[in-house]
Amino acid sequence: MNDRFKSPLAGAKVGSGGRNLGEVLNLRGVSRRDFMKFCTLMTATLALPKDMVERVAQTLETARRPPAIYLEFQDCAGCTEAMLRMPHPTVTDVVLDVLSLNYHETIMAPAGQAAEAAREATIEAGDYLLLVEGAISTKDDGLYCTIGGRTAMDLLEESARGAVAVIAVGDCACFGNIPAANPNPTGAVGVSEIVRGVPIVNMAGCPVNAVNLAAMIVYYLTFESLPHLDDLLRPDFAYAERIHDHCPRRPHFDAGQFVESWGDEGHQRGWCLYKMGCKGPQTKHNCPVVEYNEGTSWPIKAGHPCIGCSEPQFWDTMTPFYRRLPEVPGFAVESTVDSIGLALTGITAVAVGAHAVGSILRKREAGETGDRDVAEQEGTTETTEEGGHDAQDRD
Ligand code: SF4
Ligand code: F3S
C-alpha cells in the first residue's frame, strides 16, 4: 500500500465483535451475488483498481466486526435515516452488520440505564470505533444538549478517549452545520473542536452519503488504516474533487447555456444551474459519481442547484442558496467561481433494534416507499424556491 495512505491507525488492532461478517450476512440472507455487488460498489467508490474487489470481499467475509458506538447529539437523525431508507437493502445491511454496533440511540431496543450500560461496557472493552452524528453544544457548559443528565461534550469526550478512531457522520458532526448557523445560540461545534489525540474522519454532507460511509468503514477493515484525508479531515476518495468538474451539466456551463428561471426551456433541457445559485464550483463531494440513494439521483440531476452541503458552515457561507455567485469584473465566470471558492471554503443492543430496520425494509419491499420522478422533484424545487427563499436568505 502506498505510504501516503498510512495513518496513525496502521497496525491498530481491530476489535472482535463475535461472529465475522460472512457469518452474519449468511444469517441475514444476503446472497453471494448481492455481497459481491456491494464489494464492487465499495471498490469503485474508494477508487481502487478492479482487481481489489476480491481482496475487499475476502477481508469483509473473514474480518472480525469492530465494536462501535454511534452517538447522536444536535441533529435531525437524517444521516441515520439516509442509511436506513436506502432503496436497496445491501448497503444498509452491510453498514449495520459490518460493525458490532453496541449503542445507537435511534435504533437500539434498550433504553435508559440498559442503553448507557451497553455504551460503558464497550468503552471498557476498548478497541472500538466511535461514530458521531450531530453537533455538540458548548455554550453554558453544554447544557443545551444532554442525554441521561450528561452533556454531549462530556459524553463525546468520554466515548472518544478509548476509540481507535472517531468518524463524524454528516455536516453537523463535522462542522456544526445548521445548529451552528449564525447566530449559533447553543455554541454548536463539530467533533474536531472537542476531541483531541484520536484520529478523526469527517464524512461531510447533509445528509452523509451512506455509500461513502460504508466505503470508509470497508477501507478501514481492508487496510487497517484510515484513507488519506484533506485539510478538513475528509477522505480524498469522496471529497478531493469539485462537483463542477464532474457535473453532467458542465458542457452547458462551458457553452454559456444557463437556466434563467425555474421551469424555463433551459431548466427543462437540463442546462447549467449556475445562475440559479449552484455552488458546485466551490464544493468538493463525489455526488456526480456516486449519487444518492444507491445511484437514484442527486440534487443537480433532480434539477436543483448544489447548495454546498459538504463544506464547513455552508448555511452561512453558501446562502442565499438561490442567488448566483457574485461576479468579479474583468474575470471570466470560471475564474470568478474558482477565486470565490478559495475565499469561501476559507450488537448486542442494536441486533435487537434491527427489528426497526427490518420493518423499514419490509415496508420498502411492499412498495410503500416510492421514488419521485425527476419532473416531480423539479416541481418540488420550484415550490421550495417560492416558499423557502426568504427564510433561507440571510443578507
Ligand atoms: Fe453543474 Fe453547477 Fe457547475 Fe453548472 S455550476 S456545471 S450545474 S456544478
Ligand atoms: Fe450536497 Fe451539493 Fe452534493 S448540495 S448532496 S454537495 S450536489
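## The open sheet

In this predicted model, 5 strands form an open sheet with parallel pairing. The strand order is β2-β1-β3-β7-β9. At the edges lie β2 (100-104) and β9 (200-203), each of which pairs on one side only. From one strand to the next, the twist averages 20 degrees. Strands of a sheet pair through backbone hydrogen bonds, in either a parallel or an antiparallel manner.

The pairing of β7 with β9 can be followed residue by residue. Strand β7 covers residues 163-169 and runs parallel to β9, with 4 bridges joining the two. In this pairing, V169 stands opposite M203 of β9.

## Helices on the sheet

## Contact between α3 and α10

Helix α10 (residues 210-223) also packs against helix α3 (residues 53-62). Their axes are 9 Å apart and meet at an angle of about 85 degrees, so α3 is roughly perpendicular to α10. Angles from 65 to 115 degrees count as roughly perpendicular.

On the α3 side, the contact involves R55, V56, T59 and L60. On the α10 side, V218, L221 and T222 take part. By class, the residues of this contact divide into 4 nonpolar, 2 polar and 1 charged.

## Residue E23

Helix α1 spans residues 21-27 and contains E23. This residue has 14 other C-beta atoms within 10 Å, and is therefore partly exposed. A residue would count as buried with 20 or more such atoms and as exposed with 12 or fewer.

E23 and T62 are 39 residues apart along the chain. The separation between their C-alpha atoms is 8.5 Å.

Methods. Residues numbered from 1 in each chain as written. Chains lettered and ligands numbered in written order. Predicted model: local features only at pLDDT ≥ 70, side-chain atom pairs only at ≥ 80, totals over all residues. Axes fitted to C-alpha atoms, helices over the stretch in contact; angles between N-to-C directions. Parallel < 35°, antiparallel > 145°, perpendicular 65-115°, else oblique. Contact = placed C-beta atoms within 7 Å. Nonpolar A, V, L, I, M, F, W, Y, C, P; charged D, E, K, R; others polar. Pairing = 2+ DSSP bridges.
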